[in-house]
Amino acid sequence: MPNESLQTAVPICPDCKRPLDVIAACGSISYFCDHCNLLKSSKRVREANPELFKEAE
Ligand SMILES: [Zn+2]
(Lines give C-alpha, C1' and ligand atoms only; values in the text may rest on other atoms or scores of the structure.)
Protein backbone atom coordinates (compact mmCIF):
# COMPACT_ATOMS: atom_id res chain seq x y z
CA MET A 1 0.00 0.00 0.00
CA PRO A 2 1.34 3.47 -0.80
CA ASN A 3 2.29 5.49 2.22
CA GLU A 4 1.76 8.92 0.69
CA SER A 5 -1.91 9.36 1.45
CA LEU A 6 -1.45 12.99 2.49
CA GLN A 7 -1.41 13.98 -1.16
CA THR A 8 -4.96 13.98 -2.46
CA ALA A 9 -5.92 16.69 -4.92
CA VAL A 10 -3.69 19.35 -3.41
CA PRO A 11 -0.42 20.02 -5.21
CA ILE A 12 2.67 19.94 -3.07
CA CYS A 13 5.55 22.38 -2.97
CA PRO A 14 8.45 21.32 -5.22
CA ASP A 15 10.88 22.50 -2.56
CA CYS A 16 9.47 21.50 0.85
CA LYS A 17 6.79 18.98 -0.17
CA ARG A 18 4.09 20.69 1.85
CA PRO A 19 0.61 21.40 0.49
CA LEU A 20 0.35 24.56 -1.58
CA ASP A 21 -2.37 27.18 -1.52
CA VAL A 22 -4.00 27.40 -4.93
CA ILE A 23 -4.90 30.97 -5.86
CA ALA A 24 -7.13 31.42 -8.89
CA ALA A 25 -7.27 34.98 -10.17
CA CYS A 26 -7.96 36.62 -13.51
CA GLY A 27 -8.14 33.32 -15.37
CA SER A 28 -4.75 32.09 -14.20
CA ILE A 29 -3.76 29.95 -11.27
CA SER A 30 -0.97 30.74 -8.85
CA TYR A 31 0.52 28.50 -6.18
CA PHE A 32 1.69 29.86 -2.87
CA CYS A 33 3.64 27.94 -0.27
CA ASP A 34 3.03 29.00 3.31
CA HIS A 35 6.12 27.18 4.44
CA CYS A 36 8.54 28.76 1.95
CA ASN A 37 6.51 32.00 1.98
CA LEU A 38 6.96 32.16 -1.79
CA LEU A 39 4.90 31.89 -4.92
CA LYS A 40 5.79 28.80 -6.94
CA SER A 41 5.69 28.86 -10.72
CA SER A 42 3.05 26.64 -12.26
CA LYS A 43 5.73 24.98 -14.36
CA ARG A 44 7.60 23.79 -11.29
CA VAL A 45 4.39 22.77 -9.55
CA ARG A 46 3.42 20.68 -12.56
CA GLU A 47 6.80 19.01 -12.60
CA ALA A 48 6.52 18.18 -8.92
CA ASN A 49 2.95 16.91 -9.21
CA PRO A 50 2.75 15.00 -12.50
CA GLU A 51 -0.18 12.91 -11.34
CA LEU A 52 -2.32 15.98 -10.75
CA PHE A 53 -1.67 17.41 -14.20
CA LYS A 54 -1.50 14.30 -16.36
CA GLU A 55 -4.91 15.06 -17.87
CA ALA A 56 -3.82 18.49 -19.10
CA GLU A 57 -1.48 18.08 -22.03
ZN1 LIG B 1 7.49 25.18 0.08
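Q: Strands are DSSP runs (E) of at least two residues, numbered from the N terminus, as are helices (H or I) of at least four residues. In which loop is the place of Cys26?
A: The model is predicted. In the protein the elements run β-β-β-α-α from the N terminus on. β1 and β2 form a hairpin, with two residues between the strands and Cys26 in the turn. Cys26 therefore has its place in the loop between β1 and β2.

Q: What phi does Cys26 have, although it is not a glycine?
A: Cys26 sits in the turn of the hairpin formed by β1 and β2. Although Cys26 is not a glycine, its phi is positive, at about 55 degrees.

Q: Which element of the protein has the highest confidence?
A: The mean pLDDT of the protein is 86, and 81% of its residues reach 70 or more. Among the elements, confidence is lowest in helix α2 (residues 50-53), with a mean of 89. The highest value, 96, belongs to strand β3.

Q: How many bridges join β1 to β2?
A: Strand β1 covers residues 21-25 and strand β2 covers residues 28-33, and the two run antiparallel. The number of bridges joining β1 to β2 is five.

Q: Which residue in β3 is the bridge partner of Tyr31?
A: β2 and β3 run antiparallel and are joined by three bridges. Cys33 stands opposite Leu38 in β3. For Tyr31, the bridge partner in β3 is Lys40.

Q: Which residue takes a positive phi in the hairpin of β2 and β3?
A: This hairpin has four residues between the strands. The positive phi in this hairpin is near 60 degrees, and the residue that takes it is Asn37.

Q: Which strands stand at the edges of the open sheet, and why is one side of each left without a neighbour?
A: The sheet is open, with three strands in the order β1-β2-β3 and antiparallel pairing. Each edge strand has a single partner strand, so one side of it has no neighbour in the sheet; the edge strands are β1 and β3.

Q: How many residues make up the largest nonpolar core?
A: Nonpolar side chains tend to be buried together in soluble globular proteins. Here buried residues make up 14% of the 57 residues in the protein. The largest nonpolar core consists of Ile12, Cys13, Leu20, Tyr31, Cys33 and Val45. Of these, Tyr31 is in contact with Leu20 and Val45, among others, and the residues of the core number six.

Q: What distance separates the C-alpha atoms of Lys17 and His35?
A: Lys17 and His35 are 18 residues apart along the chain. Their C-alpha atoms are separated by 9.4 Å.

Terms used
Residues are numbered from 1 along each chain as its sequence is written. This is a predicted model: local features need pLDDT of at least 70, side-chain atom pairs count only at pLDDT 80 or more; totals for chains, interfaces and linings use all residues. pLDDT is the predictor's confidence in each residue, from 0 to 100. Two strands pair if DSSP finds at least two bridges between them. A residue is buried if 20 or more other C-beta atoms lie within 10 Å of its own, exposed if 12 or fewer, and partly exposed in between; C-beta atoms are placed from the backbone. A nonpolar core is a set of buried Ala, Val, Leu, Ile, Met, Phe, Trp, Tyr and Cys residues joined through C-beta atoms within 7 Å. Two residues are in contact if their C-beta atoms, placed from the backbone, lie within 7 Å. Lists of a residue's contacts leave out its neighbours within four places in sequence.
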